Amino acid sequence: MKIFGVGMNYIQHNKELDGTLYKPERPVIFTKADSALLKDRKPFFIPDWCQRVDYEAEVVVRICRLGKGIPARFAHRYYDAVTVGIDFTARDMQEEARKKGNPWTICKGFDGSAAIGEWIEKEKFRDVQALDFHLDINGQTVQSGNTCEMLYKIDELIAYISQFFTLKTGDLLYTGTPVGVGPVKIDDHLEGFLEDRKVLDFTCK
């Protein structure tokens, strides 16, 4: 199983990170190890080897068939379900890596860094590119967005990634985070919502 992530795919989040509104020339793609997957409401253990770990709430799609070099107009056939996930990021390490032009592998792909919620079949939504989602921490909403705000849409991302990687059933795509990221601390309770349905629920340890 492969876990793909997309960086800087919401324009206000890009301003949050870099102080300016911009769209990357092409999708910013990174990967996470399969050991990053955190599911079934298991707790997230904050690592002690970094100074700050940030939550990044994202809509995640599940690949449902084998594909390579997929045209964007056919990409909708290659995923069958969506949910909300958290792309945990060792922010201090990422900032250092970005300054030096180094890979994001450790700061994005460490164990437990890809929390995943309950899957909902894609057909249950009128348009997956018009989904509201939000993240609550300790009962307060800290992040909210709509998939219509993506700079690169889901089908475009699948078409782009499949140029370089063969997509297989069970692969996951984290589609990017909106503005509002921030640090987590021990005992934080995270709940993720897709439209009005809670699909993600776990605590930090």
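The legends below describe close-up views of a predicted model.

**View 1. The largest pocket and the residues that line it.**
In this predicted model, the largest pocket holds about 180 Å³ of space. Its lining is made up of 14 residues, of which Arg41, Ile116, Gly117, Glu118 and Val199 are the closest to the centre of the pocket. Two strands, S8 (114-116) and S15 (197-203), each contribute at least two residues to this lining, and S15 gives the most, with five residues. Sorted by class, the lining of the largest pocket has seven charged residues, six nonpolar residues and one polar residue.

**View 2. The salt bridge between Glu118 and Arg197.**
Glu118, which is among the lining residues closest to the centre of the largest pocket, forms a salt bridge with Arg197, and the closest N and O atoms of the two are 2.5 Å apart. The pair links distant parts of the chain, since Glu118 belongs to the loop between S8 and strand S9 (120-121) whereas Arg197 belongs to strand S15, 79 residues apart. Glu118 has a relative accessible area of 36% and is therefore partly exposed, and Arg197, at 34% relative accessibility, also counts as partly exposed.

**View 3. The hairpin of S14 and S15.**
Strand S14 (residues 189-194) pairs with S15 in the antiparallel sense, and six bridges connect them. One of the residues to look for is His189, whose bridge partner in S15 is Thr203. Two residues lie between the strands of this hairpin, where Glu195 takes a positive phi near 55°.

**View 4. The open sheet of S7, S4 and S13.**
Three strands, in the order S7-S4-S13, form an open sheet with antiparallel pairing. Strand S7 (89-90) and strand S13 (182-183) stand at the edges and have a single partner strand each, so one side of each is left without a neighbour in the sheet. Strands of a sheet pair through backbone hydrogen bonds, either parallel or antiparallel. Here strand S4 (residues 53-55) runs antiparallel to S13 and is joined to S13 by two bridges, and Tyr55 stands opposite Gly182 in S13.

**View 5. The salt bridge between Lys108 and Glu56.**
Side chains of opposite charge can pair when their charged atoms come close. A search of the whole structure finds 16 salt bridges, and one of them brings together the side chains of Lys108 and Glu56, at 3.2 Å from N to O. This pair links distant parts of the chain, with Lys108 in helix H3 (residues 105-109) and Glu56 in the loop between S4 and strand S5 (57-63), 52 residues apart. Both partners fall under the 20% limit for buried residues: Lys108 counts as buried because its relative accessibility is 2%, and Glu56 counts as buried because its relative accessibility is 4%.

**View 6. The salt bridge between Lys100 and Glu96.**
Lys100 and Glu96 form a salt bridge in which the closest N and O atoms are 3.0 Å apart. Both residues lie in helix H2 (residues 91-100), where they are four residues apart, or about one turn of the helix. Lys100 is exposed, with a relative accessible area of 55%, whereas Glu96, at 43% relative accessibility, counts as partly exposed.

Definitions and conventions: Residues are numbered from 1 along each chain as its sequence is written. This is a predicted model: local features need pLDDT of at least 70, side-chain atom pairs count only at pLDDT 80 or more; totals for chains, interfaces and linings use all residues. Side-chain values use heavy atoms; hydrogens and water are left out. On a 1 Å grid over the protein atoms alone, a cavity is a set of points where a 1.4 Å probe fits but cannot get out, and a pocket is an open set with protein on both sides within 12 Å along at least five of seven lines; lining residues have an atom within 4 Å of a point. Grid points are joined across faces, edges and corners, and a volume is the space filled by probe spheres set on the points. Ala, Val, Leu, Ile, Met, Phe, Trp, Tyr, Cys and Pro count as nonpolar, Asp, Glu, Lys and Arg as charged, and the others, Gly among them, as polar. Two strands pair if DSSP finds at least two bridges between them. A salt bridge is a side-chain nitrogen of Lys or Arg within 4 Å of a carboxyl oxygen of Asp or Glu. Buried means under 20% relative accessible area, exposed over 50%, partly exposed in between (1.4 Å probe, protein chains only).
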